[in-house]
Amino acid sequence: MLVAFSSYAQSNFSSKLIGVGVVVSDLERSLDFYTNGIGMVKAYSFEINEEFSKRSGLADGVPTSVTVLKLENSPEANEWKLMSFGKKATHPKANFIQDDVGMQYITINVKALKPVIERLKERNVPFLGSTPTPLNENAHFVLVQDPDGIFIELIGPME
């Protein structure tokens, strides 16, 4: 019965992609981290005007700009949608994933960790734990946090 339900649930979606909206405290700083540090690309941007913000229930009439990042600029890539309202977080920055509830981390699989590590070091991004940590003979694990505290797992070979 569980298999039948899972198969049925999968057919309800018109896309296999998930778009994640992330409210950041400083848009330019986050864009630098994700594009120049992690290596994402800007796909497009759009505006949420006052009327849509209110009607949709998203932001109670507060307009904003949304910048959509992807791992590659293709229709098959998930969307990481950054927006800012110019406010800092109202909760303390987590030190570990269990420190808060909600979305705490994302996992990005890369072809080579070394260039990503170099770009993040150039931006003085702290590395967490004993990273890079070997997972097996081909893959390593690196853990960092974005400027607002979302944990970013990077997994791949060193070169």
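Mentor: The protein chain has four helices and eight strands, where helices (H or I, at least four residues) and strands (E, at least two) are DSSP runs numbered from the N terminus. This is a predicted model, in which local features need pLDDT of at least 70 and side-chain atom pairs count only at pLDDT 80 or more, while totals for chains, interfaces and linings use all residues. Residues are numbered from 1 along each chain as its sequence is written, and side-chain values use heavy atoms, with hydrogens and water left out.

Trainee: How do you know that the span of helix 2 agrees with its twelve residues?

Mentor: The expected span is 1.5 Å times one less than the number of residues. For residues 27–38 that rule gives 16 Å, and the end C-alpha atoms are 15 Å apart, so the two agree.

Trainee: Why is the contact between Arg-55 and Glu-51 called a salt bridge?

Mentor: The term requires a side-chain nitrogen of Lys or Arg within 4 Å of a carboxyl oxygen of Asp or Glu. Here the closest N and O atoms are 2.6 Å apart, so the pair qualifies under that cut-off. Arg-55 and Glu-51 are four residues apart in helix 3, and therefore about one helical turn separates them.

Trainee: Why is Arg-55 called exposed, and Glu-51 partly exposed?

Mentor: Buried means under 20% relative accessible area, exposed over 50%, and partly exposed in between (1.4 Å probe, protein chains only). Arg-55 has 58%, so it is exposed; Glu-51 has 45%, so it is partly exposed.

Trainee: And what makes Asp-60 and Lys-54 a salt bridge?

Mentor: Their side chains meet at 2.9 Å, N to O. Asp-60 is exposed because its relative accessible area is 58%, and Lys-54 counts as exposed because its value is 52%.
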